[in-house]
Amino acid sequence: MLVLLTGAAGMLGTALLAEFGRAGWVVEALTRRDLDIADRTAVLQVVAKIRPYVVVNAAAYTAVDGCEHQPVRAFRVNTLGPLNLGLACREQGIPLVHFSTDYVFDGRASTPYREDAPPRPINVYGKSKLAGERALLRVAGCPVIFRTSWLFGPGGRNFVDTTLRSLQQVGWMRVVTDQVGCPTYTRDLAMAVCRLIARGITAPLAGIYHLTNGGSCSWYQLAQAVALLAGYQAWQIIPTTSMELGRPALRPAFSVLANDRWRREGFPMLRNYRQALGAYLMGDKGICPQPQGGQGIEL
Ligand SMILES: NC(=O)c1ccc[n+]([C@@H]2O[C@H](COP(=O)([O-])OP(=O)(O)OC[C@H]3O[C@@H](n4cnc5c(N)ncnc54)[C@H](OP(=O)(O)O)[C@@H]3O)[C@@H](O)[C@H]2O)c1
C-alpha cells in the first residue's frame, strides 16, 4: 500500500509516519519543504505523479494565536491547502484523509458535540479549518475528515511538553480552569487512522468523524495530571482563567467531542486520555509515573 503523507514533519505527521511504517506500508512522506499544499499546481502534479492508494494530509497552520495575527496564512494553509488536495484526489480518483479540530465549535454546549452539531468557530484558526472542511466536502470524491483535539505526542509543540518544561525550568505554571476538552495522544489517533485505511475507504465510510481519547478535563486538570505523574506537587500548577491570561485568540469553553460515528461504524474506541498520557510519559519521555500520581489520577 502506497500512502502519500503531507505535513510529515509535524506532530501528527510524525506519529502517522511511524504507524504506517509499523503497518508495513510504503510512505511518500512530504514536509512543507517538499510540498506546499497551498500551491495548487504543485499539489496536482505531485499527486498525479505518485498516484498513491490514499493521501493523508497532516499539514496545517496550527498556531491558534498566530492565526489571529496572520489570517491570510491561516486560510492559505488550512482552507486552500485541503481544497487543492481534494481537487487532486478527485482528479485521480483517490481517497483523502484530512484532520480538523474541536475549535470549529463555539464551546457553548454542555454535552459533547456530535458530528452533526452546527459548527460556529470563534477564532480565525477555527474559521480557517471549518472552511477547509467545507471545501473538501464539496470537491473531493471520498474525503474522510477526523475532527480531533488537544493533541500531544513526540515531534511537535504540545501542552504536555510545555507543562513539563515549565515545571523543570520555572517550577510552576499558571493554567486555565475554564476550558474543557479531550486530550488525545497522536499515536492512538494514528493507529485509528491506520485501521480506517486498512478497512478500505469507500463512499459509505466518507465524511466527518470526531475522534479523541476517552474522558475529558480542563487544561488545569491535565497539567495537574502531568505534574503528579512526573513527580511534582499539585500546588505547582496554579489555576487561572482565560480572561486573566488574555490570549489573542478566544478558545471554546467546552469542546468535548462525542465519538459517535466512529463507534457506529464498529471501530474500537480510543483508550482514556489518562492511560494515553501515562503511556506517552513513560514510552516517549522516559518518565516513570510516580506513586503520588495515584492521588486522584487513575491510569
Ligand atoms: N495540535 C493540536 O492540538 C490539534 C488539535 C486539533 C486538531 N489538530 C489538527 O491536526 C492536524 C495536525 O496537527 P499537528 O498538531 O500535527 O500540527 P503541527 O505539529 O503544527 O504540524 C503541521 C505541519 O504542517 C506543516 N505545514 C504548514 N504549512 C504547510 C504548507 N503550506 N504546506 C505543507 N506543510 C505545511 C508544518 O510545517 P512547518 O512547521 O515547517 O510550518 C508542520 O510540519 C492539523 O490538521 C490540525 O489542525 C491539531
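Guide: A nonpolar core is a set of buried Ala, Val, Leu, Ile, Met, Phe, Trp, Tyr and Cys residues joined through C-beta atoms within 7 Å, and a residue is buried if 20 or more other C-beta atoms, placed from the backbone, lie within 10 Å of its own. This is a predicted model, in which local features need pLDDT of at least 70 and side-chain atom pairs count only at pLDDT 80 or more, while totals for chains, interfaces and linings use all residues. Residues are numbered from 1 along each chain as its sequence is written.

Visitor: Which residues have the most contacts inside the largest nonpolar core?

Guide: They are Leu5 and Leu16, in a core of 95 residues, to which helix α8 (residues 219-229) gives the largest share, 9 residues.

Visitor: What makes Gly13 and Val56 contacts of Leu5?

Guide: Two residues are in contact if their C-beta atoms, placed from the backbone, lie within 7 Å, and Leu5 touches Gly13 and Val56, among others, with residues up to four places away in sequence left out.

Visitor: How do you know what span to expect of helix α7?

Guide: The expected span is 1.5 Å times one less than the number of residues; α7 (residues 186-199) has 14 residues and reaches 20 Å from its first C-alpha to its last, close to the 20 Å expected. Helices are DSSP runs of H or I with at least four residues, numbered from the N terminus. Helix α7 is followed by Gly200, whose phi is positive, near 100°.

Visitor: Which residues of α7 are buried?

Guide: Among them are Leu189, Val193, Leu196 and Ile197.

Terms used: Helices (H or I, at least four residues) and strands (E, at least two) are DSSP runs, numbered from the N terminus. A residue is buried if 20 or more other C-beta atoms lie within 10 Å of its own, exposed if 12 or fewer, and partly exposed in between; C-beta atoms are placed from the backbone.
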